[in-house]
Amino acid sequence: MTATRGLGIDIGGSGIKGGLVDLEMGQLIGDRMRIDTPQPATPDAVSDVVAEILDRFEWDGPVGITLPAVIKKGVAQTAANIDPSWIGTDADALFAKRIGRHVDDVAMLNDADAAGMAEMRFGDPAARHGVVALLTFGTGIGSALFQDGKLVPNTEFGHLEVDGHDAEKKAAASVKDNEGLSYPDWAKRVDRYLTVLENLIWPDLFIVGGGVSRKAEKWVPLLNIRTRVIVASLQNNAGIVGAAAAAAEGIGH
């Protein structure tokens with residue numbers, strides 16, 4: 001029997017968000033819960049927050065969890081905007097132990113990969129054809145790459161070097177806020193970044209997401225690149241939805 005509901009938890013640099021998901025509609029059931037990411041965001045501190053969110057929803061099924069990290073076989077290989085002690089941590093085993101689940105009932109995946117999977121399932125049908133890159137603009141820049149709807153996991157396009165700088169250090173949404181940039185000024189940086197990226201991978205479509213996608217009308221029309229750009233339909237809930245879907249489908253083990 002195909003699961004119709006799931007639970008996803010999306011761990012970010014500033015907040016940890018969780019919610020129940022209708023897996024037929026790709027929508028949250030009721031309100032999501034958000035707790036500020038603990039500082040420092042160590043494995044133990046973050047797993048405590050995950051357990052708190054799980055208790056709130058009284059959920060006993062499989063759980064999908066995202067991390068802003070490269071995840072290979074459940075192990076974090078990098079740590080973007082979370083504590084460096086995550087590197088080398090068996091996140092699958094850590095969370096399974098902390099929330100009292102069998103490791104097979106925990107699906108671990110990169111946060112941008114989860115958001116992209118949600119868009120493939122529930123977003124614009126155009127995203128399921130050709131080479132498509134989803135980019136989440138937040139604390140950093142996350143990326144997910146798809147070929148005809150199939151994920152190429154753990155791309156790190158936010159860390160491309162652009163004009164001598166790590167791209168996310170110049171074009172993440174957090175940089176806009178921290179430097180007090182206007183949308184037009186920030187859009188110029190995003191445009192430069194996307195120009196470099198499109199010349200490397202020649203995508204058919206970019207999907208832009210993250211919290212700043214809620215204000216897409218203020219910056220997406222200012223982009224001057226050849227690749228078509230659309231806004232993530234699930235906006236900032238995409239990570240939760242994608243994580244829940246991955247757990248229900250046994251992806252991320």
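A residue is called buried here when its relative accessible area is under 20%, exposed when it is over 50%, and partly exposed in between, with a 1.4 Å probe and protein chains only. By that rule Phe137 and Trp219 are both buried. This is a predicted model, in which local features need pLDDT of at least 70 and side-chain atom pairs count only at pLDDT 80 or more, while totals for chains, interfaces and linings use all residues. Residues are numbered from 1 along each chain as its sequence is written, and side-chain values use heavy atoms, with hydrogens and water left out.

Rings of Phe, Tyr and Trp (its six-membered ring) pair if their centres lie within 6.5 Å; planes under 30 degrees apart count as stacked, over 60 as edge-to-face and the rest as tilted. The count by this rule is five aromatic pairs. Helices (H or I, at least four residues) and strands (E, at least two) are DSSP runs, numbered from the N terminus.

Trp219 also pairs edge-to-face with Trp186, at 4.9 Å centre to centre and 65° between the planes. Because Trp186 is in helix α6 (residues 183–201) and Trp219 in the loop between β13 and β14, that pair ties together parts 33 residues apart in sequence. Trp186 counts as buried at 0% relative accessibility, and Trp219 has a relative accessible area of 0%. Ring pairs link Phe137, Trp186, Tyr193 and Trp219 into a cluster.

Next comes the largest pocket, which holds about 890 Å³ of space. Among the 50 residues that line the largest pocket, Phe137, Gly138, Thr139, Gly211 and Asn236 are the closest to its centre. On a 1 Å grid over the protein atoms alone, a pocket is an open set of points with protein on both sides within 12 Å along at least five of seven lines, and lining residues have an atom within 4 Å of a point. Grid points are joined across faces, edges and corners, and the volume is the space filled by probe spheres set on the points. Elements that each supply at least two lining residues include β1 (5–11), β8 (131–137) and α7 (238–249). The largest share, four residues, comes from α5.

Helix α7 has twelve residues and reaches 16 Å from its first C-alpha to its last, close to the 16 Å expected at 1.5 Å a residue. The expected span is 1.5 Å times one less than the number of residues. Ten of the twelve residues of α7 are buried, so α7 is largely enclosed by the rest of the structure. Its buried residues pack against β1, β2, β3, β4 (63–67), β7 (106–110) and α3, where contact means heavy atoms within 4.5 Å. Gly250 follows α7 and has a positive phi, near 75°.

Some backbone details lie in loops. The peptide bond from Gln39 to Pro40 is cis, with omega near 0°, and Pro40 is in the loop between β3 and α1 (43–57). Glu58, although not a glycine, has a positive phi of about 50°; Glu58 lies in the loop between α1 and β4 and is exposed, with a relative accessible area of 73%.

How values were computed
1 Å grid on protein atoms, 1.4 Å probe; cavity = no way out; pocket = protein on both sides within 12 Å on 5 of 7 lines; lining within 4 Å.
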